[in-house]
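Take a walk through this structure, one region at a time. Keep the sequence beside the view as you read.

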Amino acid sequence: MSRLPVKKTYKLFIGGSFPRSESGRTYEAEGQNVARASRKDVRDAVRAARAAQPGWAAATAYNRGQVVYRIAEMIEARAAEFAELCGGADEVERSIDRIVWYAGWADKLPQVLGGSNPVAGPYFNFTVPEPTGVVAVLAPEDPPLLGLVTRLLPPLVGGNAVVAVASESRPLAAVELAEALATSDVPGGVVNLLTGNHAELGPVLASHMDVNAIDVCGADGDAPELERLAADNVKRVVHGRADVQSPWEIASFLELKTVWHPMGQ
Amino acid sequence: MAEIDKPTREVDVPGDWTYASAPESRDIVHIRDRYGYYVGGEWLEPAETYETIAPRDEEPLAAVGQATAEDVGRAVAAARTAYADGWSSLPGSERAKYLFRIARILQERAREFAVLESLNGGKPIKESRDVDLPLAAAHFFYYAGWADKLEYAFPNRRPRPVGVAGQIIPWNFPLLMLAWKVAPALACGNTVVLKPAETTPLTALLFCDVLRQAELPDGVVNIVTGDGRTGAALVESEDVDKIAFTGSTEVGKAIQRQLAGTGKRLTLELGGKAANIVFDDAALDQAVEGIVNGIYFNQGHVCCAGSRLFVQESIYEPLVAKLERRLTTLRVGDPLDKNTDVGAINSAAQLEKIRELVASGEEEGATIYQPPCVLPEKGYWFAPTVFTNVAQSYRIAQEEIFGPVLSVLTFRTPEEAVEKANNTPYGLSAGVWTEKGSRILWMAQRLRAGVVWANTFNRFDPGSPFGGYKESGFGREGGRHGLEPYLEFEE
């Protein structure tokens, strides 16, 4: 008699834990029942992100780079499982390489994006990039893993905490990624992954007063409405592309701070 | 030794040490009776006009056009034509030379502009002469130099201009805000339609004469005047590729909503409620000067004004005593008087807003202090004001007053100072006063604001990026970062 395999429950990833949707709802995707996040789940995720963000931003850039690199290690270890949940080995490899590429940016951003400014007076003046805070990401429908990685990594490596909504039709790779994140060194709450309906969750994130920026990559036709809602607290709106790799992607989720101090005896 | 005969002389000691008036002559400025719109290098006659006045005595200065959507459309079309007909493809080195010319002409005509700025806006001539004009010229000079070096600012990104920029500026630094907007836009190869603030159009209109002298190609800069309706028409205009707005957070949000889904680029420089934080080891007299400069500079009509003063509890009493004493020496009065420290409030509407918020402060229970000063009878005036016994929940501690009104609060620990300073939807600027270097950097890192002034306040420079966190807007003006909003990149 062959052994009956144990099937997985596909849940949300909020504050480092794996809760079901507080609404009790699921939807069927890729042949599985997947948690369908609610408005309340979004709020819980934003609260977890806000709580985790200062610690993540305060970590040294070297440390953040290593933590991000460790995500790549965790995916590499599960590469075979990931390959079955997305476009295959090639998509997994590109995702891993992209994470490694971004890991190396953590401790280089201030030198590339900031600098000292030669003001006409006896002042020392410098500009440094800082994270904008809590970032909402609507991941693209495709590719399910590389698309999410492409949109998640730039805000993450810049020191933001992220609430991301996975591909609606192909959410399993995101749940797998959540499990990899949970075994990596990313502090709980720094990345929160929700599965569910984009049209339902997008407006909640776009209008949330404690979200600083929103990436509407996976919003499709809803993007204009999300942009309108984002104005309520002057959110930074990013129209991310599903497959792009650049330090300027990170810069979209950064603020620039300029500090002055007099020079004298 | 012989006695030396000392001559004895009676010296008249004046009983009154107030300054004699030292008015700057306004003869240097010629104001026309009526202004139209500057479109395609020509003056368009407006169908409807309104009167722009001098806030110091409500003297009518000129009739200025109230541009309609149709007028705005013509200005945008002129900008588009100029963009396509050569400005965008002109070598950067040639664009640079036009901007250098503008910088030089502004320096040459600085006094004329300074007098007009003080007349139309109400700010002290001391400030328009020593701050607004030098900085405006410096901005053009700074960005002139970037025009042919953009590839070095953005390596591997192949920068190119955005197109036609619609720019809407406020009334607190009329010509300086024009410079902040126009200089980087032109350096990057864009053409512009600029709308100065309703109450302060005159220096922007005089600037058109600088453009003529600089022989800037027609249509590269177009200026339309009017109230919020004109600004809204510019935002709605379909052929504008980018909007740059400096003004209130409320209007900024409305613009962000209006542009949703259009794909137009947007930068916003909005309101603020800056914390100015004084620790017990600060150089107190310097701090007092910084506090005064932070909130009474330009009558407090400054988006980055240090309007919330946080004082460490142990020095609260001596600091407030020094501050109140210092306030008695501020000279409030004629903006054209070279001794004036605090000029006229910009408009009747702004004066009303300040009065309303100050009344709310008194009603909510704060203690008001105003130094004895005689305000002129005509015009718009408000005495420098300090509120003590302010709770964080009071409107005067939450809302941007945009006037010479300071709210004083206290703290005990650095953590508490950070917590309270960041307890606002705004995030434009902040100040820190302490002699301890490590604490300055610790504070600077934690304050959620785009500009942090340590042991100084309200410093500006074309090379220094300026702009806000949170609801104070997005995008930076000044420095290399100030180029980015006016460029597209190939990636």
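Two residues are in contact if their C-beta atoms, placed from the backbone, lie within 7 Å. By that rule, the contact of the two chains takes 25 residues from chain A and 33 residues from chain B. The model is predicted: local features need pLDDT of at least 70, side-chain atom pairs count only at pLDDT 80 or more, and totals for chains, interfaces and linings use all residues. Residues are numbered from 1 along each chain as its sequence is written, while chains are lettered from A and ligands numbered from 1 in the order in which they are written.

Stay with the side of chain A that touches chain B. Helices and strands here are DSSP runs, numbered from the N terminus: a helix is H or I with at least four residues, a strand is E with at least two. β4 (123-131), α9 (223-230) and β10 (254-262) of chain A each supply at least two residues to this side. β10(A) gives the most, with eight residues. By class, the side divides into 13 nonpolar, seven polar and five charged residues. Here Ala, Val, Leu, Ile, Met, Phe, Trp, Tyr, Cys and Pro count as nonpolar, Asp, Glu, Lys and Arg as charged, and the others, Gly among them, as polar.

Two strands pair if DSSP finds at least two bridges between them. β10(A) and β18 (residues 451-454) of chain B pair in the parallel sense over three bridges. In this pairing, A:Trp260 stands opposite B:Trp453 in β18(B).

Now turn to the sheet in chain A. Five strands form an open sheet in the order β7-β6-β5-β8-β9, and the pairing is parallel. Its edge strands are β7 (191-194) and β9 of chain A, each pairing on one side only. Neighbouring strands are turned by 15° against each other on average, direction ignored. Axes are lines fitted to C-alpha atoms, for helices over the stretch in contact, and angles run from 0 to 180 degrees between N-to-C directions. Within the sheet, β5(A) and β6 (residues 161-165) of chain A pair in the parallel sense over five bridges. A:Val134 stands opposite A:Ala161 in β6(A). Helix α1 (residues 39-58) of chain A lies across β5, β6 and β7 of chain A, running at about 150° to β6(A).

Two loops of chain A deserve a look. One is the loop between β5 (134-138) and α6 (146-157) of chain A, where A:Pro143 is found. The peptide bond from A:Asp142 to A:Pro143 is cis, with omega near -10°. The other loop, between α9 and β9 (236-238) of chain A, holds A:Val234. Phi of A:Val234 is near 55°, a positive value in a residue other than glycine.

Move on to chain B. Chain B is divided into domain 1 (34-270 + 470-488) and domain 2 (275-454). These bounds come from an automatic or database domain assignment. The C-alpha centres of the two domains of chain B lie 30 Å apart. At their meeting, 21 residues of domain 1 are in contact with 26 residues of domain 2. On the domain 1 side, α3 (110-121) and α4 (125-146) of chain B each supply at least two residues. The largest share of that side, four residues, comes from α3(B). The residues of the domain 1 side divide into six nonpolar, six polar and nine charged.

Chain B has an open sheet of three strands in the order β1-β5-β4, with mixed pairing. β1 (34-35) and β4 (49-54) of chain B are the edge strands, each pairing on one side only. β1(B) and β5 (residues 59-65) of chain B pair in the parallel sense over two bridges. There, B:Arg34 has B:Ala63 as its bridge partner. β4(B) and β5(B) pair in the antiparallel sense over six bridges. B:Thr52 has B:Ala62 in β5(B) as its bridge partner. The hairpin of β4(B) and β5(B) has four residues between the strands, and B:Glu58 takes a positive phi near 65° there.

Finish with a helix pair. Helix α10 (residues 284-296) and helix α11 (residues 316-327) of chain B pack at an angle of about 55°, with their axes 10 Å apart. α10(B) and α11(B) are therefore oblique to each other. Angles under 35 degrees count as roughly parallel, over 145 as roughly antiparallel, 65 to 115 as roughly perpendicular and the rest as oblique. B:Leu284, B:Val288, B:Ile291 and B:Val292 in α10(B) meet B:Pro318, B:Leu319, B:Lys322, B:Leu323 and B:Arg326 in α11(B). This contact of α10(B) with α11(B) has seven nonpolar, no polar and two charged residues.
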